[in-house]
Amino acid sequence: MVRHKLGIAAAAAALLLALAWVWPEGGEPPASATTATEPTASASSSTASEGESEAEDTGSPEAPASSEQEPAPSGTPAPGTEPASSSPPAAPSPPAAEPAANMYDGPLGTRNHTGDDRVALTFDDGPSPEWTPKVLDMLREQGVKATFCLIGAYAEAYPELVADIVREGHTLCNHSWFHEFDLGKWSEAEIRANLQRTNDAITKAAPGAEVRYFRHAGGQWTDRAIAIAADLGMESLHWTVDPSDWDNAVTETQIREHVLDRSAPGAIVLLHDGASNQADMCGALTAIFKEFSRRGYVYTAL
């Protein structure tokens, strides 16, 4: 019995030795066997998701390939384009100066501006033997040319003063024969005779002189007077600034302040060298010259 048990034990040991020889240590396991290092399908999916999440967290996933050319960095021109200029574009040129649009803004289309930035001084109601020489002296000292609107009767009485005005280079203007306020209401023949008589007296005193303008007494313009003056070769000349310097009640200060307050580039200033208040006018004119010079005004004799 004992021997029988020993025999069985020996046979079992021999069988184990045979099996160890068939599956040696380190060999590949059967395909159906599961090991601790082989991931399952669920484990693979989980790992892939974690990789995508990591890429999103780092913000640096690999950029997909693109067939479009990557835009050039700022400041570097792309191929085939002109490089941008580093200097700012040039400012546009200012428009050229043009004559003032309101050059003929006076009553009935009469001229009341010079047409540019220059200013004009005009003197009415002369020539006066007392005041015209003083005004001419002041203008000469300043190097200013002006326009003198002459009364025909005075031009006939003082021809030497008309000649002085022309010799100094000033412009002439017809101011009617004897300052007739209602001249424009006269008949066409009467107006023409009045203006022609005045021109004749002026040109007799200064042969060859041009009487370029006509100024109606008191600015009481009519279409008839303007048309006849034009037919005689004269432009009708109004004004921009009128300080009423002919009025004895107006002071030197008032004349000065009125002219300086209302004058601007292009202004035509109305003054008088042949009325009744010329002492105040001449006093104001000195200050006017000084302030106009400070403003940089340039004069025109029209």
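The largest nonpolar core has 52 residues, and Leu121, Phe123, Leu139, Phe148 and Phe292 touch the most other members. Helix 9 gives the largest share of this core, 7 residues. A second, separate core of 9 residues includes Ala120, Cys149, Cys173 and Ile268. The model is predicted. The chain has 9 helices and 6 strands, and buried residues make up 36% of its 302 residues.

**Core and contacts**

- Not counting residues up to four places away in sequence, phenylalanine 123 touches Val135, Leu139, Ala146, Thr147, Phe148, Cys149, Leu271, His272, Asp273, Met281 and Leu285.
- Among these neighbours, Leu139 and Phe148 also belong, with Phe123, to the residues that touch the most other members of the largest core.
- Of the contacts in the chain with a separation of 6 or more, 73% are between residues 24 or more positions apart.
- In soluble globular proteins, nonpolar side chains tend to be buried together.

**Helix 9**

- The 18 residues of helix 9 should span 26 Å at 1.5 Å a residue, and the end C-alpha atoms are 25 Å apart, which agrees.
- Gln278, Met281, Cys282, Ala284, Leu285, Ile288, Phe289, Glu291 and Phe292 are the buried residues of helix 9.
- An α-helix has 3.6 residues a turn, so residues three or four places apart point the same way.
- Strand 1 (120-126), helix 3 (132-142), helix 8 (252-262) and strand 6 (268-272) are the elements against which the buried residues of helix 9 pack.

**Aromatic pairs**

- The whole structure contains 6 aromatic pairs.
- One of them joins phenylalanine 214 and tryptophan 221, edge-to-face, at 5.7 Å centre to centre and 90° between the planes.
- Both phenylalanine 214 and tryptophan 221 are buried.
- Phenylalanine 289 and tyrosine 299 have ring centres 6.2 Å apart and planes at 70°; the angle is over 60 degrees, so this pair is edge-to-face.
- This pair links distant parts of the chain, 10 residues apart: phenylalanine 289 is in helix 9 (residues 278-295), and tyrosine 299 is in the segment after helix 9.
- Phenylalanine 289 has a relative accessible area of 4% and tyrosine 299 has one of 19%; buried means under 20%, so phenylalanine 289 is buried and so is tyrosine 299.
- Phe289, Phe292, Tyr297 and Tyr299 are linked into a cluster by ring pairs.

**Charges over rings**

- Lysine 134 has its charged end over the ring of tryptophan 131, 5.3 Å from the ring centre.
- Arginine 197 lies over the face of tryptophan 177, and the distance to the ring centre is 3.8 Å.

**Serine 263**

- Serine 263 is in the loop between helix 8 and strand 6.
- Its relative accessibility is 7%, so serine 263 counts as buried.
- The side chain of serine 263 reaches the backbone oxygen of valine 259 at 2.6 Å.
- Beyond its neighbours within four places in sequence, serine 263 is in contact with Val241, Val269, Phe292, Arg295 and Tyr297.
- Two of these contacts, Phe292 and Tyr297, are also members of the aromatic cluster.

How values were computed:
Residues numbered from 1 in each chain as written. Predicted model: local features only at pLDDT ≥ 70, side-chain atom pairs only at ≥ 80, totals over all residues. Heavy atoms only, no water. Phe/Tyr/Trp six-rings, centres within 6.5 Å; stacked < 30°, edge-to-face > 60°. Buried < 20%, exposed > 50% of the residue type's maximum accessible area, 1.4 Å probe, protein only. Helix = DSSP H or I, 4+ residues; strand = E, 2+ residues; numbered from the N terminus. Lys NZ or Arg CZ within 6 Å of the ring centre and 35° of its normal. Expected span 1.5 Å × (residues − 1). Contact = heavy atoms within 4.5 Å. Polar contact = N/O pair within 3.5 Å; in protein donor to acceptor, adjacent residues only side chain to side chain. Core = buried A, V, L, I, M, F, W, Y, C linked by side-chain atoms within 4.5 Å.
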